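Here is a short briefing on one protein chain. Look at the structure first, then read through the points by topic.

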Amino acid sequence: MDERELLYALKHGDRQSFETLYNRYWRQVYNFARLYLTTRESAEEAVQEVFIKVWESRAFIRENENFQGFLFIITRNLIFNQRRKHFNEDFYKMSVLAALEQSYDIDEEIDAKNLSEYIDRLIDELPPQRRLIFILSRKEYKSYKEIALQLNISEKTVERQINEAIKFLKKNLILLSYFLMVP
């Protein structure tokens, strides 16, 4: 079944279509959430909440629209709301979401797939050691301790490298959002 058919079936309450869409997109939602949430558990909870919202709002889904973009918006809003509740936790990370919130229009701006590809290209630009540490953390879901043991470096080094990678990604995502705001 193609995505349009899946969305049509989902809209009419088909649980199998929902499960197929979940299996197809949960990792993208998780990876995006993981950029902004500090623990695996919170990212996993975000994925569950996003798909609960998809199920609850299925009647309003339009099968002709970009589902990845729809997921991106739900995830972004969920993260933004969670972070607002925990205002004193690393507020700077939210600046990217706020900038994207102001500039992202699902019909006129880049879609979630292009954003994901852009982030992957940015990750490829990281220095080799930083890129490896970031991938082990965010794509292979290893803890700082596991990465430190695997690479024979300190956990502090792992933490510093992850922080530098996130700063680089945020800076470039902010630049992208400014670019997208130019008429």
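Is S154 buried, partly exposed or exposed? S154 is partly exposed, because its relative accessible area is 35%, and buried would need a value under 20% while exposed would need one over 50%. Keep in mind that this is a predicted model. The protein chain has nine helices and zero strands.

**Overall picture**

- The protein chain has 183 residues, and 41% of them count as buried.
- Read from the N terminus, the elements run α-α-α-α-α-α-α-α-α.
- Take the contacts in the protein chain with a separation of 6 or more: 63% of them join residues 24 or more positions apart.

**Confidence in the model**

- The mean pLDDT of the protein chain is 79. A pLDDT of 70 or more is reached by 77% of the residues.
- Which element has the lowest mean pLDDT, and which the highest? Helix α5, residues 94–103, has the lowest, at 53. Helix α8 has the highest, at 92.
- Residues 88–93 have a pLDDT below 50. Beyond near neighbours in sequence, this stretch makes eight contacts in the model.
- Residues 106–110 also have a pLDDT below 50. This stretch makes twelve contacts in the model beyond near neighbours in sequence.

**How helices pack: α1 with α2**

- Two packed helices are described by the angle between their axes and the distance between the axes.
- Helix α1 covers residues 3–11. Helices α1 and α2 pack at about 130 degrees, with their axes 8 Å apart.
- That angle makes α1 oblique to α2.
- The crossing of α1 and α2 is left-handed.
- On the α1 side, the contact is made by E3, L6, L7, A9 and L10. On the α2 side, it is made by S17, F18, T20, L21, R24 and Y25.
- Sorted by class, the contact of α1 with α2 has seven nonpolar, two polar and two charged residues.

**How helices pack: α2 with α3**

- Helix α2 spans residues 15–36, and helix α3 spans residues 40–56. Their axes come within 9 Å and cross at roughly 140 degrees.
- What does that make the two helices? Helices α2 and α3 are oblique to each other, because an angle must be over 145 degrees to count as roughly antiparallel.
- Helix α2 passes α3 in a right-handed crossing.
- Residues of α2 in this contact include R15, F18, L21, Y22, Y25 and W26. Those of α3 include R40, A43, E44, A46, V47 and F51.
- The contact of α2 with α3 has 15 nonpolar, one polar and four charged residues.
- F18, L21 and Y25 of α2 take part here, and they also take part in the contact with α1.

**How helices pack: α7 with α8**

- Helices α7 and α8 pack at about 135 degrees, with their axes 9 Å apart.
- Helices α7 and α8 are therefore oblique to each other.
- The crossing of α7 and α8 is right-handed.
- From α7, the contact uses Q129, L132, I133, L136, S137 and R138. From α8, it uses Y144, I147, Q150 and L151.
- By class, the contact of α7 with α8 has six nonpolar, three polar and one charged residues.

- Most residues other than glycine have a negative phi, and most peptide bonds are trans. Now look at two residues with a positive phi.
- Y141 has a positive phi of about 60 degrees, although Y141 is not a glycine.
- Where does Y141 lie? Y141 lies in the loop between α7, residues 128–138, and α8.
- Y141 counts as buried because its relative accessibility is 17%, and the cut-off for buried is under 20%.
- N152 is not a glycine either, and its phi is positive, near 60 degrees.
- N152 is found in the loop between α8 and α9.
- N152 is exposed, because its relative accessible area is 71%.
- S154 is found in the loop between α8, residues 144–151, and α9, residues 155–181.
- S154 and Y144 are ten residues apart along the chain. Their C-alpha atoms are separated by 8.8 Å.

Conventions
Residues are numbered from 1 along each chain as its sequence is written. This is a predicted model: local features need pLDDT of at least 70, side-chain atom pairs count only at pLDDT 80 or more; totals for chains, interfaces and linings use all residues. Side-chain values use heavy atoms; hydrogens and water are left out. Axes are lines fitted to C-alpha atoms, for helices over the stretch in contact, and angles run from 0 to 180 degrees between N-to-C directions. Helices (H or I, at least four residues) and strands (E, at least two) are DSSP runs, numbered from the N terminus. Angles under 35 degrees count as roughly parallel, over 145 as roughly antiparallel, 65 to 115 as roughly perpendicular and the rest as oblique. A crossing is left-handed if the near helix is turned anticlockwise from the far one by less than a right angle, and right-handed if clockwise. Contact means heavy atoms within 4.5 Å. Ala, Val, Leu, Ile, Met, Phe, Trp, Tyr, Cys and Pro count as nonpolar, Asp, Glu, Lys and Arg as charged, and the others, Gly among them, as polar. Buried means under 20% relative accessible area, exposed over 50%, partly exposed in between (1.4 Å probe, protein chains only). pLDDT is the predictor's confidence in each residue, from 0 to 100.
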